[in-house]
Structure formats: structure tokens, C-alpha cells
Amino acid sequence: MKEISKSDIDTLLKLQTAETQITRIQSILEKINSEKEKLDSKFRKFQKAHDEKEYQLEKTKAFCREMENEIQIVGERIQKSNENLRFVKTNKEYQVLQREVDDNRKRKEQLENELIDHLDEKEALEQEVNTSRTDLDQLSEQTRTLKKEIEEKSSDDQEELDELLVKRAEISKNLDPALMDNFNRISKMNNGLAVVQVKNEVCMGCYVNIPPQLYIEAQRYNSLILCPQCSRILCYIES
Ligand SMILES: [Zn+2]
């Protein structure tokens, strides 16, 4: 086992204290970020539904305009045929033109009836889009306010985290790089808890009894003692 000193153990303990605080704050900040993400995603979903409604409205409006144009064209055709009726010379010509007028009148009437349905649809969609726009504006405002609140709340945590990261780096400087590697490896395996106390022959990380010989070793601070069960670094603290 690697030779170490009491001061290494003290440094490891300090490092663990910083690490534990860092892990705690990081998990708080992660939760905050996911809260913000949830708000954004809710807004995006609403916005998408609103855009879809707007698109439907525009489509219906364009369709109504097309129908109105067609009605106008058919109307003009009727008018022209009516004018031509005055100049026909034969009965046959008259009948052909008259049939044309009748057909176009029927077509116009049909188009006008269809247009009424589409205008109703357009009106309903307009109302829907207006309501949806009001709701969207409200949600946008609400999302902005909530996110601002969350950011304000988390700014202290962020500041504390930055300070702790500096502190951890400072502590790390006093530690042998090999020991630091050990710490990082064990920390990664144990959700950020690499160094634990050993008390009355019990590992305070996994609460399993350790062999008496190891307990004695831990009290000598000469070597790095790992828990046989959870592999964490064991520190004996005199009480
Ligand atoms: Zn253990």
C-alpha cells in the first residue's frame, strides 16, 4: 500500500468536504435547469399548436379569396352572355347562349353556398386564433417571469459552486497526483463520496465492519486504507 502521511489524510478529508458540497449544489442546479427546460418545452408545444391554427386560418382565407375570385369570373361570364343575347340572330344561337347563362348561374349559386360555409369556418378559426394568441402571450409572460425567478434563485448557488470549484482546485494542489487520481476514481464509482470515516471498526460509507487489523492501520495514518466492501478511502478521526 502506498505510503501517506497524516496531512494527506487531512487534505483528503478537506477535498471530500468540498466534493460533497459541489455534488449537492450541482444536483440542485441540474434540477433547476430541468425546471427551466420543462417551462420552455411547455411553451414550445403551445407555440407549435398556435402556429398550426394560424396556418389553417391562412389556408382557409386563401381558399375563400379564390372562391370569391371564381364567383366574380362566373358573374362576369353571365353578364357577357346576357349582353351577347341581345345580338343573336338565330333561335339555335339563342338557346346555346341561354343554356350557358343558366349553367353559369347554377355554378355561381353553388359557389356562393360553398363560400358561406367556408366563411363560417374562417370566422370560427379567427376566433380560435385570437383566443390562442391571448393565451400564448400570457404563457410567454408567465414563462419569462418564472424563468427569471428560477435564475435569481439559482444565482447564489452558481456563485457558491464557482467558489467551491476554486477551493477544490486549491486543495488538490496539496495532494500527490497519484493520490488525487485514486480519489477521483473512487469518487466516480461512489457518486462523489470517496472518503469516509471509520468508527469503531465500521465503515461509515457502507456500514460494514472492517477487519480489526485494518482499523489499527487506519489509526496509524501511514497508508491509504480502503474499505474492503465499498472501496472508499477510510479516515480515522480521533474523538
Ligand atoms: Zn465501506
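Reader: Why is Ser 231 counted as partly exposed?

Author: A residue is buried if 20 or more other C-beta atoms, placed from the backbone, lie within 10 Å of its own, exposed if 12 or fewer, and partly exposed in between. Ser 231 has 15 C-beta neighbours inside 10 Å, and therefore counts as partly exposed. The model is predicted: local features need pLDDT of at least 70, side-chain atom pairs count only at pLDDT 80 or more, and totals for chains, interfaces and linings use all residues. Residues are numbered from 1 along each chain as its sequence is written.

Reader: What makes the phi of Ser 231 worth noting?

Author: Most residues other than glycine have a negative phi. Ser 231 is not a glycine, yet its phi is positive, at about 65 degrees. Ser 231 lies in the loop between helix 4 (212–220) and strand 3; helices (H or I, at least four residues) and strands (E, at least two) are DSSP runs, numbered from the N terminus.

Reader: Why is Asn 200 called exposed, and where is Asn 200 placed?

Author: Asn 200 has 7 other C-beta atoms within 10 Å, so this residue is exposed. Its place is in the loop between strand 1 and strand 2 (202–203). Asn 200 also has a positive phi, near 45 degrees, without being a glycine.

Reader: How do you know which strands are the edge strands of the sheet?

Author: Two strands pair if DSSP finds at least two bridges between them. Three strands form an open sheet with mixed pairing, in the order 2-1-3. Strand 2 and strand 3 each pair on one side only, and these are the edge strands. Strand 1 and strand 3 run parallel and are joined by three bridges; Val 196 stands opposite Leu 234 in strand 3.

Reader: What makes helix 1 an element that packs on the sheet?

Author: Helix 1 touches strand 1 and strand 3, where a contact requires C-beta atoms, placed from the backbone, to lie within 7 Å. The direction of helix 1 makes about 110 degrees with that of strand 3; axes are lines fitted to C-alpha atoms, for helices over the stretch in contact, and angles run from 0 to 180 degrees between N-to-C directions. Leu 12, leaving aside neighbours within four places in sequence, is in contact with Phe 183, Val 195, Ile 233 and Cys 235. Leu 12 is one of the buried residues of helix 1, and the buried residues of this helix pack against helix 2 (91–173), helix 3, strand 1 and strand 3.

Reader: Which residues touch the most other members of the largest nonpolar core?

Author: A nonpolar core is a set of buried Ala, Val, Leu, Ile, Met, Phe, Trp, Tyr and Cys residues joined through C-beta atoms within 7 Å. The largest has 20 residues, of which Leu 12, Cys 203, Ile 233 and Leu 234 touch the most other members. Two or more residues come from each of helix 1 (6–85), helix 3 (177–189), strand 1 (195–199) and strand 3 (233–235). Helix 1 gives the most, with five residues.

Reader: How do you know that the span of helix 1 is close to the expected value?

Author: The expected span is 1.5 Å times one less than the number of residues. Helix 1 has 80 residues and reaches 117 Å from its first C-alpha to its last, close to the expected 118 Å.

Reader: Why does Leu 139 count as partly exposed?

Author: Leu 139 has 16 C-beta neighbours inside 10 Å, and so counts as partly exposed. Leu 139 is found in helix 2 and, apart from neighbours within four places in sequence, is in contact with Phe 43 and Phe 46.

Definitions and conventions:
Contact = placed C-beta atoms within 7 Å.
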